[in-house]
Amino acid sequence: MGSLLGVLFHSLGGFASGSFYIPFSRVKGWAWESYWIVGGLFSWLIVPPIAAVLTVPDFTGIIANADQTTKLITFVMGLLWGIGGLTYGLGVRFLGMSLGNSVVLGFCSAFGALVPPIYYSINPIAGKASLTDMMASSGGQLVLLGVLVCLIGIAISGKAGMMKEAELSDAEKKASVKEFSLTKGLTIAIISGILSSFFNFGIEAGKPMAEQAVVNGGNPLFQNNVTYIVVLWGGLTTNFLWCMYLNAKNKTFGDYTNSQTPIVSNILFSGLAGTTWFLQFFFYGMGESKLGNGASSWILHMATIILTANLWGLYLKEWSGVSANTFRTFMAGIFVILISIVLVGIGNSL
């Protein structure tokens, strides 16, 4: 039952993450950097403490009393993840929901799922599954197979994107994704995918704070809500500095007070996007409490994000005008990713 709940929670988190960018499409008259940082303030500064105060007893005391090294490493992981999160937005902007998420999260899946077990093989810690442990058990082997299958599915999805690029005219590409740019988008997406995996490392670095939340009488389902606050401070720092730089460079500070744009609705839609984004990790923490923060949790989270984003891509007609062969390739990628979710879920239960 615990594994089944873990899969369910990760699926809810993946749906939230795969859907969060949609409200940004309703923002009118603002530059990307303006609506991105407004949404980010909700994601990284406003909503996380609200979630923590509702679920973690004395979360401020836990952070204040935590070891300084623990807080510093967790914050630094958030800084690095922040670069990945920032470039994630750019990757989706240039590639669209389907291809952008597939490439970004493919790299993120591999690094986030495999690096922690490799680290624990080099530096063993009681209660943490190393790569050696996983390879020595049938359940661990099935999880690793699921990781491999997921990467194959992502590669197939990426192939479908390449086929789309070759088939459609510039006008058709722009119709499905307004700022479509394959070269620029792929470069950014690869960087984003690698750095985005540092969020998983941040959760691991901040685990002593999560454990203290349980000691304080908190529900283990929500223990990571205190860790998120420190990780997301790092992400906010990176994104805030970059967006302020772009506001200055592009002379877009006026967006926030431009009465010619629907300021209130822009803030509301940006806030909705940011809140939806945070919900991914709210549910991730619940799933992680059932499955553990290893390859299984991370790959399930990433895979369900990819599936959700690709379904949104269908809804937004990002694949309109492609050949039947290209569309079949795209659907095959989604099917293979679904298989990987099943393999990881079964492997973890074993």
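The axes of helix 10 (residues 198-205) and helix 12 (residues 224-249) come within 9 Å of each other and cross at roughly 125°, where axes are lines fitted to C-alpha atoms, for helices over the stretch in contact, and angles run from 0 to 180 degrees between N-to-C directions. The model is predicted, so that local features need pLDDT of at least 70 and side-chain atom pairs count only at pLDDT 80 or more, whereas totals for chains, interfaces and linings use all residues. Residues are numbered from 1 along each chain as its sequence is written, and side-chain values use heavy atoms, with hydrogens and water left out. Helix 10 and helix 12 are therefore oblique to each other, given that angles under 35 degrees count as roughly parallel, over 145 as roughly antiparallel, 65 to 115 as roughly perpendicular and the rest as oblique. The crossing of helix 10 past helix 12 is right-handed, the near helix being turned clockwise from the far one by less than a right angle. Helices are DSSP runs (H or I, at least four residues), numbered from the N terminus.

Helix 12 comprises 26 residues and reaches 37 Å from its first C-alpha to its last, close to the 38 Å expected at 1.5 Å a residue; the expected span is 1.5 Å times one less than the number of residues. For helix 4 (residues 68-95), the 28 residues should span 40 Å at 1.5 Å a residue, which agrees with the 40 Å between its end C-alpha atoms. At the start of helix 4, a side-chain oxygen of D67 reaches to within 3.0 Å of the backbone nitrogen of T69.

The loop between helix 12 and helix 13 (263-291) contains N250, which is partly exposed with a relative accessible area of 38%; buried means under 20% relative accessible area, exposed over 50% and partly exposed in between (1.4 Å probe, protein chains only). The side chains of N250 and E33 are joined by a polar contact of 3.0 Å, that is, a pair of N or O atoms within 3.5 Å, of which, within protein, one must be able to donate a hydrogen and the other to accept it, residues adjacent in sequence counting only if both atoms are side-chain atoms. The C-alpha atoms of N250 and A31 are separated by 8.8 Å, although these residues are 219 residues apart along the chain. K251 also lies in the loop between helix 12 and helix 13, and its relative accessibility of 74% makes K251 count as exposed.

Most residues other than glycine have a negative phi. Just after helix 12, however, K251 takes a positive phi of about 55°. D58, which is not a glycine, likewise has a positive phi of about 55°, and D58 is found in the loop between helix 2 (32-55) and helix 3 (59-65).

Aromatic pairs were counted for rings of Phe, Tyr and Trp (its six-membered ring) with centres within 6.5 Å, planes under 30 degrees apart being stacked, over 60 edge-to-face and the rest tilted. The count by this rule comes to 23 aromatic pairs. One of them joins F20 and Y21 in an edge-to-face arrangement, at 5.8 Å centre to centre and 80° between the planes, and both F20 and Y21 are buried. The rings of Y21 and F24 are also edge-to-face, because their centres are 5.3 Å apart and their planes stand at 75°; both Y21 and F24 are buried. Elsewhere, W44, W81, F199, Y228, W277, F278 and F281 form one aromatic cluster.

Conventions: Helices (H or I, at least four residues) and strands (E, at least two) are DSSP runs, numbered from the N terminus.
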